[in-house]
Amino acid sequence: MIKSLTVLGSTGSIGVQALDVARLMGLKIVALTANVRTDILEAQIREFHPGYVAVVDEKAAAELKIKIADTDTVVLSGSDGVNECASMQADTVLNSIVGIAGLCPTVCAIKSRNRLALANKETLVAGGSFITELAKEYGVDILPVDSEHSAIFQSLQGCADKKQIKKLLLTASGGPFFGKTASELENVTLEQALNHPNWSMGAKITVDSATMMNKGLELIEAARLFDVAPKDIDILVHRQSVLHSAVMFDDNSVIAQLGVPDMRIPIQYALTYPDRFVSPVRELDLAEYASLTFAKPDYDTFRCIGCCRTALEKGGIYTTVVNAANEKANELFRKGKIRFGDIARSVEKSLEFSGNGIDMTLENILETDKIIRKETEEMWQ
Ligand code: NDP
Ligand code: MG
């Protein structure tokens, strides 16, 4: 069982839950990082005594340094500080940064041969084959934290030959707008979009769940993690979020992982794998559920899912492209600058990208991300 942990993005929804698990497991915390929320970080420093923390915002980092002068924790700053924390030796680095900002820290963790527990799905979506090949080159395991991918990973334990996988069944809650039409969703408010039925998460992923872009990103994430063709990944809307995803094998047997919707289960499994450990999460009582339902998604209303499938089929840089368009459009929607329906329009438009689509180097990935963000911003000015 691991003894030491670094949490990148420790002040966010996943980061805080990861530290709940770390507390229970008695893990030593090597380093913690945040963007700007130093009040939460200060409390974490006082409880977990990490050797290092990094804060991206320089001013917030300078203020924190003064506030925690009575502790032994060293404060680093900027993106370089986060990369430095990701590079420090730890039994596991958990990356729960939101967005493409998590990509370079992932690269640093891999290059330092740290085992990687990955919540930051944008790493695999934007980084694509560059990341999976880098992890292979350095012999680093990527352990999924995303609940669906943890479920698939758990369902695959004991499967010696991946060729026996027939399909992945990726489940989706359907978000707050299940059953609505595209025209009904055109002008929904941020407050409505943030009202997720089953999960309490950061704002960006909650909006991604409302557009169902989250499921598109997860389709790409699953294809990358498990090396399964997009045509062999089915998406199923399952409103209760109890069956977290499944694998169908060649003999048509389906193996799934179930549990109450609480991210501390997949977070903990990524830390304890291949072992299991007692959990603070309550037991699943299936008798509480009168029925578990499954349905096909409405691809006409939630067009982002189709865009992600197209991006995956086009290959190369196109998954970087749809991720960048979505990140910018999601941000513009949260700032009240575009309508809800414009998020899908932005992602659709990005697929027209005709730049360097083949070169999967880190430089080209970051450059393409920048180009698409700028184009998406200009589209709505
Ligand atoms: P939050 O917004 O709650 O937290 C994001 C974390 O990243 C915070 O610590 C934040 O710091 C930090 N951060 C933000 N911007 C930057 C930046 N530019 N550079 C470095 N750090 C930054 O997000 P979530 O915890 O909800 O999600 C994190 C990741 O996990 C996402 O990729 C999401 O898709 C994935 N995920 C989340 C799930 C969930 O239940 N929340 C479920 C499955 C996957 P600060 O607090 O200072 O702003
Ligand atoms: Mg998920």
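Let me begin with a term: donors are N, O and S atoms within 2.8 Å of the metal, or 3.2 Å for Na, K and Ca, and since water is not among the atoms, sites may look incomplete. What spacing do the donors of the magnesium ion (ligand 2) follow along the chain? The spacing is D-x1-E-x69-E, and the residues that coordinate this ion are D146 (OD), E148 (OE) and E218 (OE), at 2.1 to 2.2 Å. Two of them bring distant parts of the chain together, with E148 in helix α7 and E218 in helix α11 (residues 213–226), 70 residues apart; helices here are DSSP runs of H or I with at least four residues, strands are runs of E with at least two, and both are numbered from the N terminus.

Before going on, please keep in mind that this is a predicted model, in which local features need pLDDT of at least 70 and side-chain atom pairs count only at pLDDT 80 or more, while totals for chains, interfaces and linings use all residues. Residues are numbered from 1 along each chain as its sequence is written, chains are lettered from A and ligands numbered from 1 in the order in which they are written, and side-chain values use heavy atoms, leaving out hydrogens and water.

Are E148 and E218 buried or exposed? E148 counts as buried because its relative accessibility is 9%, and E218 is buried too, at 1%, where buried means under 20% relative accessible area, exposed over 50%, and partly exposed in between, with a 1.4 Å probe and protein chains only.

Turning to the core, the largest nonpolar core has 118 residues, and L94, V145, L168, I267, L271 and F340 have the most contacts inside it. Helix α14 (residues 318–334) gives the most to this core, with eight residues. Such a core is a set of buried Ala, Val, Leu, Ile, Met, Phe, Trp, Tyr and Cys residues joined through side-chain atoms within 4.5 Å. Leaving aside residues up to four places away in sequence, F340 touches, among others, F177, L185, V188 and F333, a contact being heavy atoms within 4.5 Å.

Lastly, A31 sits in strand β2 (residues 28–34) and is buried, with a relative accessible area of 0%. The C-alpha atoms of A31 and P50 are separated by 5.2 Å, although the two residues are 19 residues apart along the chain. Beyond four places in sequence, A31 touches L5, T6, V7, P50, Y52, C85 and M88.
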